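Please have the sequence and the 3D view open while you read.

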Amino acid sequence: MHKYIVCIGSNYNRNKNLSFARRQLTTLFPLIHFTPERETEPLLLKNPALFSNQVAVFFSREERESVQIKLKKIEASSGRLPKDKLEEKVCLDIDLLLYDDQIVKPEDCERKYVKELLSFLPSSFK
């Protein structure tokens, strides 16, 4: 079994899109555990819209590449379009932070809100 920790974020229709992400992820990975949501300021964006962020952990026998493809499909299913990048409109962004004990996105793992959200994970998931 592989351990996955992901960060879910949205600055557009935040409640709807995070709820959609949770439903989709739960369907794919039924034993997934979600932290509470955290509202954050945008980082490195000119768009002033606030973000809702959440961290989740799950275990799967699937390999990393397969899981990442599924995460990107969920993003696309939320209505995320390539043109939205120009407007810095993020319907849904699901980033793989950790795979097993390997850090995939070190810069994201260092963000204050991610560290805070990771503290909400049960010790059996860390």
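**What the labels rest on**

Q: Which residues does Ile94 touch, leaving out those up to four places away in sequence?
A: Ile94 touches Val6, Cys7, Ile8, Ala21, Leu71, Lys72, Ile74 and Glu75. A contact here means heavy atoms within 4.5 Å.

Q: What should I know about the model before reading on?
A: The model is predicted, so local features need pLDDT of at least 70 and side-chain atom pairs count only at pLDDT 80 or more, while totals for chains, interfaces and linings use all residues. Residues are numbered from 1 along each chain as its sequence is written, and side-chain values use heavy atoms, with hydrogens and water left out.

Q: What makes a set of residues a nonpolar core, and which members touch the most others in the largest one?
A: A nonpolar core is a set of buried Ala, Val, Leu, Ile, Met, Phe, Trp, Tyr and Cys residues joined through side-chain atoms within 4.5 Å. Buried means under 20% relative accessible area, exposed over 50%, and partly exposed in between, with a 1.4 Å probe and protein chains only. The largest core has 19 residues, and Val6, Ile8, Leu25, Leu92 and Ile94 touch the most other members. The elements giving two or more residues to this core are β1, α1, β4, α2 and β5, and α1 gives the most, with four residues. A second, separate core of twelve residues includes Cys7, Val55, Val57 and Leu97. In soluble globular proteins, nonpolar side chains tend to be buried together.

Q: Why is α1 called a helix, and how does its reach compare with the expected span?
A: Helices are DSSP runs of H or I with at least four residues, strands are runs of E with at least two, and both are numbered from the N terminus. Helix α1 covers residues 14-28, which is 15 residues. The expected span is 1.5 Å times one less than the number of residues. From first C-alpha to last, α1 reaches 21 Å, close to the 21 Å expected.

Q: How do you know that the buried residues of α1 share a side?
A: The buried residues are Asn17, Leu18, Phe20, Ala21 and Leu25. They cover an arc of only 155° around the axis, so they sit on the same side of α1; the arc is that of the directions from the helix axis to the C-beta atoms. The face turned away from this buried side carries the exposed residues Asn15, Lys16 and Thr27. The buried residues pack against β1 (2-10), β2 (33-34), β4 (51-60), α2 (64-77) and β5 (93-99).

Q: Why is Arg22 called partly exposed, and what does it contact?
A: Arg22 lies in helix α1. Its relative accessible area is 22%, so Arg22 counts as partly exposed. Leaving aside neighbours within four places in sequence, Arg22 is in contact with Phe34, Glu37 and Gln54. Arg22 and Phe34 are twelve residues apart in sequence and 8.1 Å apart in space, C-alpha to C-alpha.

Q: What makes β1 and β5 a strand pair?
A: Two strands pair if DSSP finds at least two bridges between them. Six bridges join β1 to β5, which run antiparallel, and the bridge partner of Ile8 in β5 is Ile94. Six of the seven residues of β5 are buried, so this strand is largely enclosed by the rest of the structure.

Q: Which strands pair with β4, and over how many bridges?
A: β1 and β4 pair in the antiparallel sense over nine bridges, with Val57 in β4 as the bridge partner of Ile5. β2 also pairs with β4 in the antiparallel sense, over two bridges. Strand β3 (residues 38-40) and β4 pair in the antiparallel sense over three bridges.
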